[in-house]
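Student: I'm new to this one. Can you walk me through how to read it?

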Amino acid sequence: MENRDQGKDWILRTQSSGVERIEAFFHGSGYAMHRHDTYALGITMAGVQSFQYKKSLRNSLPGNSMALYPDEPHDGQAGTEVGFRYRMLYVEPAVLQDALGGVALPFIEGGISTDPRMFHALRNLLAQMDGDVEPLQQDDGIFELAAAMNAVSGKRPRRHAADFLAAQRAREYIHAALDRTLTLDELAQSCGRDRWSLTRDFRSFFGTSPYRYLSMRRLDLARRLMAQGQSLAEVAAMAGFADQSHMTRLFTKTYGIAPARWLRMVKPGR
């Protein structure tokens, strides 16, 4: 991808479950003044990304997050001669509102944030540009993003009455569904809780999100199957991963070592 930055301007676009993602590179002027009825939320990956917003010129650097409020005019251009590359997420306010639970939409002053919570949430949602994102993974990301935006905008989180029984039922349901795609709606229905309340419950009692928990249990299963002599392709299918490369990416990201190398190094327990 880096080599493409030396050529013409380009845009890569994907869409999944009503959320649009783009990655783009521009040398000079990218966009004239325009506006969306969605949030425009993204990260600058290289160069200086400049834009007019709220009657001022803003400059976003690598590691910064951008959060442009719905229906606010803005443009986009390179801040230096080398151009800029970025990834952006377009999310309908109603999608975030479901996760926020009926509070006023968060507004990020100036349209740029250096808060690591915002960057982490956006980086997770923008990590996959091929559109191959599991429904539960995307819902987890939306909840994390909504919470980060609310915190960065200075609002206090709303207290809620956590339901341990619902969270426990959801956990048990996850254990029984490791080998297939699982949605937050299905998980919520299984324990009689609405989807976002369940997400808060699960994080409160188990310290992580439902999708993260599902992913780690899949990896636990994968290691057991690998140790039993199953091939990596068979393990990926049996443990609920999209394919072997999906399993390899997550395994390496989680443990810092590729599955094949881990298998060569691990010694049977006594």
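Tutor: Let's begin with pockets. On a 1 Å grid over the protein atoms alone, a pocket is an open set of points with protein on both sides within 12 Å along at least five of seven lines, and a lining residue has an atom within 4 Å of a point. Volume is the space filled by probe spheres, of 1.4 Å here, set on those points. This is a predicted model, where local features need pLDDT of at least 70, side-chain atom pairs count only at pLDDT 80 or more, and totals for chains, interfaces and linings use all residues. Residues are numbered from 1 along each chain as its sequence is written, and side-chain values use heavy atoms, without hydrogens and water.

Student: How much space lies in the largest pocket?

Tutor: About 710 Å³. Its lining has 23 residues, and the closest to the centre are Asn-124, Gln-137, Tyr-211, Leu-250 and Lys-253.

Student: How do two helices pack, say H3 and H6?

Tutor: Helices are DSSP runs (H or I, at least four residues), and strands are runs of E, at least two. H3 (135-152) and H6 (195-206) pack at about 80°, with axes 11 Å apart. They are therefore roughly perpendicular (65 to 115 degrees).

Student: Which strands form the open sheet?

Tutor: Strands pair if DSSP finds at least two bridges between them. Six form the sheet, in the order E1-E2-E9-E4-E7-E10, with antiparallel pairing. E1 and E10 each have a single partner strand, so one side of each lacks a neighbour in the sheet. Four bridges join E4 to E7, and Ile-43 stands opposite Ser-65 in E7.

Definitions and conventions:
Axes fitted to C-alpha atoms, helices over the stretch in contact; angles between N-to-C directions. Parallel < 35°, antiparallel > 145°, perpendicular 65-115°, else oblique.
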